Structure formats: C-alpha cells, structure tokens
Amino acid sequence: MQGVVWKVLAVWMVVFNVVSVTAKSIDLTLEEEYTEYSDQDDDFVIGEPLKKNANQFCLEFESEDFIPWDKQDPGLFGGDMKLSGGKTGIVSLKERWPDALIPYTISASYTPRQREIIGSAINALHNNTCIRFVPRAKETNYVRIKKTGGGCWSDVGMIGLRQTLSLDDRCILASIPGLIVHELMHTLGFYHEHQRPDRDEFVSIDLNNVEPKNRGYFQKMSEWDFLTRKFSYDYGSVTHYPSNAFAKNSKKPVILKLKGNNPYIANRKAFSPVDVEKLNDWYCNSTDDYLYF
C-alpha cells in the first residue's frame, strides 16, 4: 500500500533537482551587534550553511508513523503554526519577506545527513520559484532553523526580528521531505489547505477519532476573501494534513475526501503544482497587498 501511495503522490510532485544550495559562510562576529536577539541567548550555535549531496539523497526509508504528532505543542494553531499579533489567517504585505529573500541560521546540532535533507527541501524552492534562503549576515529579520524538542512547527510569515523554524529529528525524514517543505510554506506565510473556510465542501473531519486536546487543530479559518477563490481546493497540497493526522486510531481516517475518485489526500513528498503557483503568485508576480487563507 505504501508503494501505491507514493506512486499516486508522484503525479503531484515537483521534482527535486540536484543543484546545491550555495552561499557564503556566516560571519559569527556579526551576532555581537544584535546582542538582545542573539542566538547565543539560548545556547543556539550557528552552524555551516546548508548544502546538499545529491548522491546521498533518499537512501533510507522511514514510515509516516514516525511523524511526531504527539510532540506538537497544543498551543500552536493548526498543530504546527505559531501565530503572533492576533493573526486570523490574513498575511499582510509587511509579513511577506522583502525581495523574496529569507536570511537564515541553522543549528550545529544537525548531522551532515540532516543538513542534506533540509538543503534539498530548500533547493526545491530555489528551483521552482524566485524565493531564496540565504545565510544571515547582519539582517535583523531572520529565521533560525533549530531543534526545539517541540516537534515540527514554524512562525507564519515574517514576524520581525528573530523567528524559529523548528525541525526536530523526526521531522527530517529523507523519504518524506514534504514535512520540511510543509513548514517552509508556513515560514513563507501560508496556512493549511484543510483549514480553508470552504473546506467542508471538500473534506469531512471525524473529530471522534481525535483526542479532545487536539481537536482545535482542525479549526477552520474565519477569514475569507476573493483572492483565495482564484486557487481551487488542493487535495495534493503539501500544506494539507494526511488522512490520519492526530488520529487516535491511525487505521481509521480523520480527514475523508468528499470529491473525486482518488481517495488519497495530502502530499508528503514535495510542493504540488498549485503550491508552486501560489508561491510564485505571492512572491514573484504579486501586486496584491493581502493573501487570505
């Protein structure tokens, strides 16, 4: 069955190319200029820039059962999004990364293998959009990629100053690189597909198969605007949770598809074509001041 799932999802995949993510090393001395927001405040150690060895990608296999649903912070919106400033699902122009450039630092606690997998996910963005992750020099607004012990989660959009993209060990799976891609979408300002205001037309949610503490993760977005309507509901989006997300009984689906003959939903491999269209629309071609999700 696993093989069938991957074959079906392959239709939606955007191929991960093998071009390396390259950039200059970060000058550690520049951190002294931003002592108040220094990564050293919480023993965060800046590592080397991300690189990818194409010959080593996807050599091992991990089951999706390893996705750390139990590690997610109950206070996160949708299970993996940290909201600030009373957000309700509207990404404003000030929360879009200027010039599609996202400065980053990455913890030295990641193994070379983990860096390759993270680098591959970022490389997919570079190869399919104008978006670029660049090692931080002295930028005030930047993303730190680190292990927090709280699972897979991210701030949504550019929030200002230092923000976090949490990728713990079980978030970095070579056979399921979509876990990282999913969180990158949040960092870039996108919310979950299955939390769209119109989601009940496309999926049903069996909350009886979800622990009460986790049911809030399936709350629909309250905001709606015509800008969202120009994109059809995307069952194959990397931002869509899989059918067994947060399930008490993983053999029984929580999310059930209501339309179409293909029973599979979500994409744990890569961006869907619609994901790429959204990213390019918002960052590369956009004149809109707001994006509603």
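**The annotated residue**

Guide: The UniProt annotation "active site", from an unreviewed entry, covers Glu183. Keep in mind that this is a predicted model.

Visitor: Okay. Where does Glu183 lie?
Guide: Glu183 is in helix 3, which runs over residues 178–187.

Visitor: Is Glu183 buried or exposed?
Guide: Glu183 has a relative accessible area of 3%. Buried means under 20%, so Glu183 is buried.

Visitor: And what does Glu183 touch?
Guide: Leaving out residues up to four places away in sequence, Glu183 touches Asp80, Cys152, Trp153, Ser154, Leu165 and Leu167.

Visitor: Cys152 is in that list. Which residue does Cys152 form a disulfide with?
Guide: With Cys171; the two sulfur atoms are 2.1 Å apart. The torsion about the S-S bond is -100°, and the link is left-handed.

Visitor: How many disulfides does the structure hold?
Guide: The structure holds 2 disulfides. One of them joins Cys130 to Cys284, with an S to S distance of 2.1 Å.

Visitor: Why is the disulfide of Cys130 and Cys284 called left-handed?
Guide: Because the torsion about its S-S bond is about -100°.

Visitor: What does that pair tie together?
Guide: Cys130 lies in the loop between helix 2 (112–128) and strand 4 (132–135), while Cys284 lies in helix 5 (residues 273–284). The pair therefore ties together parts that are 154 residues apart in sequence.

Visitor: What is the pairing if you number the bonded cysteines in sequence order?
Guide: The pairing is 1-4, 2-3.

Visitor: Switching to the protein chain. How many helices and strands?
Guide: The protein chain has 5 helices and 10 strands.

Visitor: What percentage of the residues count as buried?
Guide: Of its 293 residues, 55% count as buried.

Visitor: Last one. What about contacts between residues 24 or more positions apart?
Guide: They account for 80% of the chain's contacts with a separation of 6 or more.

Note on methods
Residues are numbered from 1 along each chain as its sequence is written. This is a predicted model: local features need pLDDT of at least 70, side-chain atom pairs count only at pLDDT 80 or more; totals for chains, interfaces and linings use all residues. Side-chain values use heavy atoms; hydrogens and water are left out. UniProt positions are given in the numbering used here, feature names are shortened, and annotations may be inferred rather than shown by experiment. Helices (H or I, at least four residues) and strands (E, at least two) are DSSP runs, numbered from the N terminus. Buried means under 20% relative accessible area, exposed over 50%, partly exposed in between (1.4 Å probe, protein chains only). Contact means heavy atoms within 4.5 Å. A disulfide is a pair of cysteine sulfur atoms within 2.5 Å.
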